[in-house]
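Subject: Handover of a structure and the findings from it

Dear colleague,

Please find below the structure that I am handing over to you. My notes on it follow directly after.

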Amino acid sequence: AGRRLGYIATARLQRGDLEGAQSALEQINAMPSLATAAGDLWSSPERRLRFCESCNVSGFLEVYVATCAFQRFLQTGQLLPTVPTAWRTEIAEYDNECYLMGLIAALREMERYGVNRGQALDLPSVEICLRLGQSLEEVLMQFNFRNSALRQRFDGVKYSVKRLESLSYEITMARQRAGEPTSLEQPIATEDALEMEILSDSKRLYEEFDENREQVMKRSRDVVKAAKNAIYALQREDWKRADSQIQLCADQANAIYADFACNSPTLRLGFFSGALEEMAEALAYRAFRADGKLLSLDDMQGVSGLQFPLLLMEYLGGIMDLTGEVGRLAIRSAGQGRDGEENIKSCLTCVEAVYDGVSILPYLPGSLSKKIGPLKGTLNKIEQVLYELALLSRGSAFAPKMQDEIDS
């Protein structure tokens, strides 16, 4: 509803209906705040961010900021709006990125406004839009945007500026042909249209976050490497090396959390969260190999050595990835013939328990829902292995290529 009202307000601004646009914005401001809508989720920064991502809050904020910026431009000639507290997530890097995307969207509205004013050959209005667009482009070029939705939006800024340049040139030529003056009666000043202090703070915040993000990604790779080494050691039943690698995972993860992730839910839920999934897989695989059981989230937290809580999504990702290792164990056990049947059945029980558990969940985010297909494939392959063992035990000449199946 908020995005729809934002689009309505923008359309009214383009028609010059300032009162109608203000009415639509007042309806937006009368809606429950983000904190009210999130309820108990708001108290946890990580859950708050997940809530905002799943509800596309960034899409709403982009439209809202663009509408407010365009309204302010029409009323005062300035561009940067103030976002009410109700529409702030209090996650600095998230709010900052949404704000910048809103400014870029406002430039597209200015481009459209320039086209509409061009119908009346209103050169001063088009020139104001052009000067402001050029100033915004110059400021944004100082940002070192990484590959993201914001970078994609920024790539369109130059096209908006180019369109406004073309409009200015074409209108100037049209006025010359009509014998009308093309020089501006008063010089156009746009220096104060962009509050540079606000944009400087935005740039500083973006660069600090990006630098921290690079550090988290670099150090998280060490967590992933140690977790995979632990799994390889468990495959060889090298318990001592496996335990040392798991402890190394915990030490490195604790250091990353203390240095970066504890103060930023965005960093907590990014690449670092994926590394913790790998660690959760190693912990789950060790418990399965040692005790033949699946760890609960509380049990995994207790044996992990982590000084901060694992998230449910990291736990689920870990045990879903666990099924791949359990499937490989089942195939190796099949090489023992009937002697390995009990191990294979234990593996099947484990995979079935995971599959049944995640199947009844009402919702899985995209990163986890993609794991359902491979999980079901592993389940089918283990069932096939037991079927082929049954044939072999009765003297069948059938000779399956089990390893090829699991590798495929």
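Predicted model: local features only at pLDDT ≥ 70, side-chain atom pairs only at ≥ 80, totals over all residues.

Helix H1 covers residues 2–14, which is 13 residues in total. From its first C-alpha to its last, H1 reaches 19 Å, close to the 18 Å expected at 1.5 Å a residue. The buried residues in H1 are Gly 2, Leu 5, Gly 6, Ala 9, Thr 10, Leu 13 and Gln 14. Their cover includes helix H2 (18–29), H5 and H6. After H1 comes Gly 16, which has a positive phi, near 85 degrees.

Helix H7 runs over residues 123–140 and has 18 residues. Its reach, taken from the first C-alpha to the last, is 26 Å, close to the expected 26 Å. Buried positions in H7 include the leucines Leu 123, Leu 130, Leu 132, Leu 136 and Leu 140. Also buried in H7 are Val 126, Val 139, Cys 129 and Gly 133, together with Ser 125, Glu 127 and Glu 137. Among the elements that cover the buried residues of H7 are helix H5 (57–76), helix H6 (92–118) and helix H8 (149–155). Helix H9 (157–177) and helix H10 (196–235) also belong to that cover.

Ser 160 is located in helix H9. Its relative accessible area is 4%, so Ser 160 is classed as buried. Leaving aside residues up to four places away in sequence, Ser 160 touches Leu 107, Arg 108 and Glu 111.

Salt bridges

A search of the whole structure gives 19 salt bridges. Three of these pairs are described here.

Glu 62 has 9% relative accessibility, so it counts as buried. A network of salt bridges links Glu 62, Arg 108 and Arg 153.

Arg 151 and Asp 155 also form a salt bridge, with 3.2 Å between the closest N and O atoms. Both residues lie in helix H8, four residues apart, or about one turn of the helix. Arg 151 counts as partly exposed at 30% relative accessibility, and Asp 155 is partly exposed with a relative accessible area of 35%.

In the salt bridge between Asp 259 and Arg 219, the closest N and O atoms are 3.0 Å apart. Asp 259 belongs to helix H11 (residues 239–259) and Arg 219 to helix H10, so this pair ties together parts that are 40 residues apart in sequence. Asp 259 has a relative accessible area of 44%, which makes it partly exposed. Arg 219, at 26% relative accessibility, likewise counts as partly exposed.

With kind regards

Terms used. Residues numbered from 1 in each chain as written. Heavy atoms only, no water. Helix = DSSP H or I, 4+ residues; strand = E, 2+ residues; numbered from the N terminus. Expected span 1.5 Å × (residues − 1). Buried < 20%, exposed > 50% of the residue type's maximum accessible area, 1.4 Å probe, protein only. Contact = heavy atoms within 4.5 Å. Salt bridge = Lys/Arg side-chain N within 4 Å of Asp/Glu carboxyl O.
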